[in-house]
Amino acid sequence: MPHLQSRSLRVYADHLEYLDQTQLPQTEQWVRCDSPWAWQSAVKDLAIRGAPLIGLSAAFVLAQYAARHPNEDWQLVSDRLRATRPTAVNLMYCLDAMEACFEEGANALGERAAALFEEDRALCQRMAERGADLLKPGDRVLTHCNTGALATAGVGTAIGALAVARQRGVDLHVYVDETRPLLQGGRLTAWEMADLGISYQLIADSMAASLMAAGKVDKVMVGADRICANGDFANKVGTYMLAVVAHYHQIPFYVVAPYTTVDPECVTGGDIPIEQRDAAEIHGAAGAFGKVMWAPENAPVWNPAFDVTPAELVTAWILDTGVFDAAAIARGAHCQGRKPTLGAV
Ligand code: MRU
């Protein structure tokens, strides 16, 4: 029996199992992970993905490595984990918390990782309830990428809000952006919507503007990988485009995230490191659905994994700590408690 379990992670005493998100929705395959190197490869491939889940799984991998190698330099391992995906700041949050108790030994690291996991579960519930408060019966909500239970220890961020609204009996219709190039919407969010019993339709990303122009979208809700001091935020590439179009059509645009996604040291979106990914992801597609190439083999490619949405396009930031408008963000209300003592939740 795992000590701890979420929709996509099982934690055992000396190893993890993750639900391989590259295989979904065709196959639910759990894969053993018992080294930092196996974790790095799973995260690079997006078999483990989503800002909170990346950070939490790194914490357990580090704790388990420390228990097996009490005399090695844990800092070197933490540095390697930290460099694996540079944009989502939850990874840095979790590794900072782990490094802060290196001196207390391996047992303390295991306890700290478990506390981070429980914290994320509680944060998900809080922000999801705040997000659900903003949803009305009949709302048609557009979302991007995957922000559900697969990406966190709990109910999720933006999808968490939809799930809690659904639990409250609020009928919604969700438009799911396919989310090129790796199709987290088409593969994972569509699967989660069906699992949650939420009415949905899948669209290609390029259809969002005409959907909004047709008056079919009441709200846009997305997650975040890093929120800056000024409210700019990074999320899956394509989010910025949605925010621009929603602004043009005067459709409320919400970002839903835990306080662990806020990075007060990033002053503006220009300070967020954006991961560039392999050209093969744009040349074609590979995965459980097989491998198909459609571009010329050597076609030059620009493939940022994330983009930055400026604060001026956001209606409200829905965090576990509160729902903040632009004036509250300008006062730095979202940064309060960014480095709290664990166990505060
Ligand atoms: O590259 P991914 O799939 O890890 O990107 C995920 C996202 O962009 C999510 O919106 C973000 O991590 C928030 S998930 C709760």
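Visitor: Is cysteine 228 buried or exposed?
Guide: This is a predicted model in which local features need pLDDT of at least 70, side-chain atom pairs count only at pLDDT 80 or more, and totals for chains, interfaces and linings use all residues. Residues are numbered from 1 along each chain as its sequence is written, and side-chain values use heavy atoms, leaving out hydrogens and water. Buried means under 20% relative accessible area, exposed over 50%, and partly exposed in between, with a 1.4 Å probe and protein chains only. At 0% relative accessibility, cysteine 228 counts as buried.

Visitor: How many disulfides does the structure hold?
Guide: A disulfide is a pair of cysteine sulfur atoms within 2.5 Å. For cysteine 94, which is in none, the nearest cysteine sulfur is that of cysteine 124, 12 Å away. Cysteine 228 is likewise in no disulfide, the sulfur of cysteine 266 being 4.6 Å away. The number of disulfides in the structure is zero.

Visitor: Which residues have the most contacts inside the largest nonpolar core?
Guide: A nonpolar core is a set of buried Ala, Val, Leu, Ile, Met, Phe, Trp, Tyr and Cys residues joined through side-chain atoms within 4.5 Å. The largest one has 67 residues. Those with the most contacts inside this core are Trp39 and Met221.

Visitor: What helix gives the largest share of this core?
Guide: Helices (H or I, at least four residues) and strands (E, at least two) are DSSP runs, numbered from the N terminus. The largest share of the core, 11 residues, comes from residues 51-68, which form helix H2.
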